[in-house]
Amino acid sequence: MSPKLKTFIERGISTVILLGLLGGAVAWNSLWGYAILVCVLCNLTTFEWFNMLKERKEESGRGLSLVAGLVYPWFMSVGMLTDWVPDFNFALVALGFLVFYVLAAFFAQLHAMDYRGRTGAQALSSMGMAVLSFIYPVWLFAFALCCLDSPVIAETGRLVHVMTLLWLVLATKMSDIWAYVSGVLLGGKFIKCRFSPVVSPKKTWEGIIGSFIITSLCAWGLYGMTSFPVQISTWQFFAVLMPCIFILSVAGDLAGSLIKRGLAVKDSGSLLPGIGGIFDLIDSPAFTVSFFAAVLVIL
């Protein structure tokens, strides 16, 4: 078996694992089952961030992000699925949590400069790393929990809108797989310059274009299986929805690559063969899920 085929199979298997977990939560039809799955993915990613920052622990603020990353998704799940907090508004609470987290990160670095001898450059680096390691992808991916507040769920208890999330994650991950396939088959044959020569030098324009076409067609074929909260026409799907999903998918993948290059690590972990860790699995869905959650809030 060639290395390229082996990588493709490994990526496919890892993607199927993610979709299988989400699909299992839908089939189980348990609100808590779905919430626990999202929380576990966020928590595992938090631990991977903590480990990736071990070489820069004096300038990373990783302790604060570890606590927040472990607590935040469970806090949101409890708020959404219990009556402990009356009139729990996911969007407002998510924004409020982030505000308090940023303030806490600032106070921590002010204390470190005054009493622990940290320089301004070290404090600034630690501040930025602490905020980034919580926001991406944990805080963003946790928006997958907002679908638990669907009116349909409130009336029937069924995870109807989770099917839409499953479709969104599937479209997101397909873009990565088809980009790899298109890049292997056609990469560099028509366009010599690379799509992302520094951040992800293996990505080609042929791979990106081929992936967009194939992913759009596959996603359209699966679109009828979802209960999309907003009715859209065929032209809106191909001219607006899929370009947004695809651009965000690629951007999320590149963002993950940028972070790993900045930290000089190849993979965030070794839990998933062919992909790396959970961080590598939810990096691009974090962009698409949070974006469309924000759009639904605005609409």
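Visitor: How many disulfides does a search of the whole structure find?
Guide: The search finds 0. A disulfide here needs a pair of cysteine sulfur atoms within 2.5 Å. This is a predicted model: local features need pLDDT of at least 70, side-chain atom pairs count only at pLDDT 80 or more, and totals for chains, interfaces and linings use all residues. Numbering starts from 1 along each chain as its sequence is written, and side-chain values use heavy atoms, with hydrogens and water left out.

Visitor: Why does Cys193 count as partly exposed?
Guide: Buried means under 20% relative accessible area, exposed means over 50%, and partly exposed lies in between (1.4 Å probe, protein chains only). Cys193 has 47% relative accessibility, so Cys193 is partly exposed. Cys244, at 29%, is therefore partly exposed too.

Visitor: What makes the pair of Tyr72 and Phe97 tilted?
Guide: Rings of Phe, Tyr and Trp (its six-membered ring) pair if their centres lie within 6.5 Å; planes under 30 degrees apart are stacked, over 60 edge-to-face, and the rest tilted. The centres of Tyr72 and Phe97 are 4.7 Å apart and the planes stand at 55°, so the pair is tilted. Tyr72 sits in helix α3 and Phe97 in helix α4, 25 residues apart, so the pair links distant parts of the chain. Helices are DSSP runs of H or I with at least four residues, strands are runs of E with at least two, and both are numbered from the N terminus.

Visitor: Why is the pair of Phe237 and Phe238 called edge-to-face?
Guide: Their ring centres are 5.1 Å apart and their planes stand at 75°, so the pair is edge-to-face. Phe237 is buried because its relative accessibility is 0%. Phe238 has 30%, so Phe238 is partly exposed.

Visitor: How many aromatic pairs does the structure hold, and which residues form one aromatic cluster?
Guide: There are 21 aromatic pairs. Tyr72, Phe75, Phe88, Phe97, Tyr101 and Phe134 form one cluster. Tyr72 is buried because its relative accessible area is 0%.

Visitor: What makes Arg62 lie over the face of Phe50?
Guide: A charge sits over a ring if NZ of Lys or CZ of Arg is within 6 Å of the ring centre and within 35 degrees of the ring normal. Arg62 lies over the face of Phe50, at 3.7 Å from the ring centre.

Visitor: Which residues have the most contacts inside the largest nonpolar core?
Guide: They are Tyr34, Trp49, Trp139, Trp167 and Ile245, in a core of 59 residues. Such a core is a set of buried Ala, Val, Leu, Ile, Met, Phe, Trp, Tyr and Cys residues joined through side-chain atoms within 4.5 Å. Helices that each supply at least two residues include α2 (31–52), α7 (160–186) and α10 (278–298).

Visitor: What does Trp49 touch?
Guide: Contact means heavy atoms within 4.5 Å. Leaving out residues up to four places away in sequence, Trp49 touches Met129, Leu132, Ser133, Tyr136, Pro137, Ile259, Leu263 and Phe279.

Visitor: Why is Thr288 called buried?
Guide: Its relative accessible area is 0%, so Thr288 is buried. Thr288 is found in helix α10. Neighbours within four places in sequence aside, its contacts are Leu168, Thr172, Ile245, Leu248 and Ser249.

Visitor: Why does Val169 count as buried?
Guide: Val169 has 2% relative accessibility, so Val169 is buried. Val169 belongs to helix α7. Val169 and Ala286 are 117 residues apart in sequence and 9.2 Å apart in space, C-alpha to C-alpha.

Visitor: How many helices and strands are in the chain?
Guide: The chain has 10 helices and 2 strands. Of its 299 residues, 47% are buried.
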